[in-house]
Amino acid sequence: TPPAPWAGGACGYGNLYAQGYGTRTTALSTALFSDGGACGQCYKVVCDRKTDKTWCKPGVSVTVTATNFCPPNWDLPSDKGGWCNPPRPHFDMAQPAWEKIGVYRGGIIPIIYQRVPCVKKGGVRFTISGHDYFELVLPTNVAAAGSIRAMDVRGSKSGDWMAMAHNWGANWHSLAYLNGQGLSFRVTITDGQTLVFSDVVPPSWRFGQTFSSNLQFK
């Protein structure tokens, strides 16, 4: 059986080291996560020293990528434990990223955050999982806006672009039979840029493989 959807986080990136995201990552609360629409976005975060001098490290910021969802805890009030409850924007950051800006014992710190373009090395990558008549495609290492607004797929034999549907996290799916065909993807990110990754996947592809392109958003 395939791993549960939440294995490797709610965006589906799996091993964050292997995927190049490292420890500069964060889970987002409901208010920011947008049902997975925010997966891959980058945020510059600083600790708000005007609000809290005790637990803030001065003069430093950290840029993190959204890779997970911080679920609400309805048993707790949003100002006392239920930090990820709507409508509260909250970052549940990986500890090494958090410790760049905050003193660990502080636990919860007030922050100021700003969405920033993602800077990535190399091209966009595509991981294909699923089964016959169901291709689940995970784009990773996406620069600029970081998050995907639309995706299309084209098989080398079928010829026409087919719209893909957002499935979960950062995953998009197609219900076509594409086995044995080379695949191209047309990807539009949330700032409106579109790139065509022609024949990025060879006809010999198998489910579970990842393919790297040499194209990247600016």
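Select Pro87, in the loop between β3 (62-69) and β4 (91-93); strands here are DSSP runs of E with at least two residues, and helices are runs of H or I with at least four, numbered from the N terminus. The model is predicted, so local features need pLDDT of at least 70 and side-chain atom pairs pLDDT 80 or more, while totals for chains, interfaces and linings use all residues. Residues are numbered from 1 along each chain as its sequence is written, and side-chain values use heavy atoms, without hydrogens and water.

Most peptide bonds are trans, and most residues other than glycine have a negative phi.

Next, select Tyr133, in the loop between β6 (125-131) and β7 (134-140). Its phi is positive, near 65°. Asn141, in the loop between β7 and β8 (148-155), also has a positive phi, of about 60°.

Then colour domain 1 (25-116) and domain 2 (124-213), bounds that come from an automatic or database domain assignment. Their C-alpha centres lie 30 Å apart. Nine residues of domain 1 and eight of domain 2 make the contact (heavy atoms within 4.5 Å).

How much area do domain 1 and domain 2 bury between them? The value is about 490 Å², 43% of it on carbon and sulfur atoms; buried area is the accessible area (1.4 Å probe) lost on putting two parts together, summed over both.
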